[in-house]
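Have the structure open while you read.

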Amino acid sequence: SLRAGDLTINVGNPADYALAEASVTAGDVKASAFGVHKGGLFRKFRRENSAGKYSLRASLWAGDIKLQ
């Protein structure tokens with residue numbers, strides 16, 4: 001969790017994640033690994049997979065989150 005800036009995470013295989021979520025107050029959530037792109041204000045992304053074994057949570061007040 002960061003306040004501002006750009007955050008890029010190389011997730012590897014998205015099927016390995018039981019939970020993946022990202023949120024940004026102002027900016028973009030580009031979760032190309034999960035097939036999602038959302039921009040603007042108060043953007044959120046959440047994906048659940050019961051077969052996964054990891055959890056990923058990322059949040060920013062302002063900036064861009066990239067999950068690739």
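Two strands count as paired if DSSP finds at least two bridges between them. In this predicted model, β1 and β4 are joined by six bridges and run parallel. One spot to look at along that pairing is I9, which sits opposite L67 in β4.

Zooming out, the open sheet has four strands in the order β1-β4-β2-β3, with mixed pairing. Its edges are β1 and β3, each pairing on one side only. From one strand to the next, the twist averages 10°.

Here are the strands and the residues they span:

| Strand | Residues |
|---|---|
| β1 | 4-9 |
| β2 | 17-31 |
| β3 | 36-48 |
| β4 | 54-67 |

Now for the packing. The largest nonpolar core has 15 residues, and F34, F45 and L67 touch the most other members. At least two residues of this core come from each of β2, β3 and β4, with β2 giving the most, six residues. L67 is worth a click: leaving out residues up to four places away in sequence, its contacts include I9, V11, A22, F34, F45 and L56.

Then there's the loop between β3 and β4, where you'll find G52. Is G52 buried or exposed? G52 counts as buried because its relative accessibility is 16%, and the cut-off for buried is under 20%. Setting aside residues up to four places away in sequence, G52 touches A15, D16, Y17 and A18. P14 is 38 residues from G52 in sequence, yet their C-alpha atoms are 8.5 Å apart in space.

Definitions and conventions
Residues numbered from 1 in each chain as written. Predicted model: local features only at pLDDT ≥ 70, side-chain atom pairs only at ≥ 80, totals over all residues. Heavy atoms only, no water. Axes fitted to C-alpha atoms, helices over the stretch in contact; angles between N-to-C directions. Core = buried A, V, L, I, M, F, W, Y, C linked by side-chain atoms within 4.5 Å. Buried < 20%, exposed > 50% of the residue type's maximum accessible area, 1.4 Å probe, protein only. Contact = heavy atoms within 4.5 Å.
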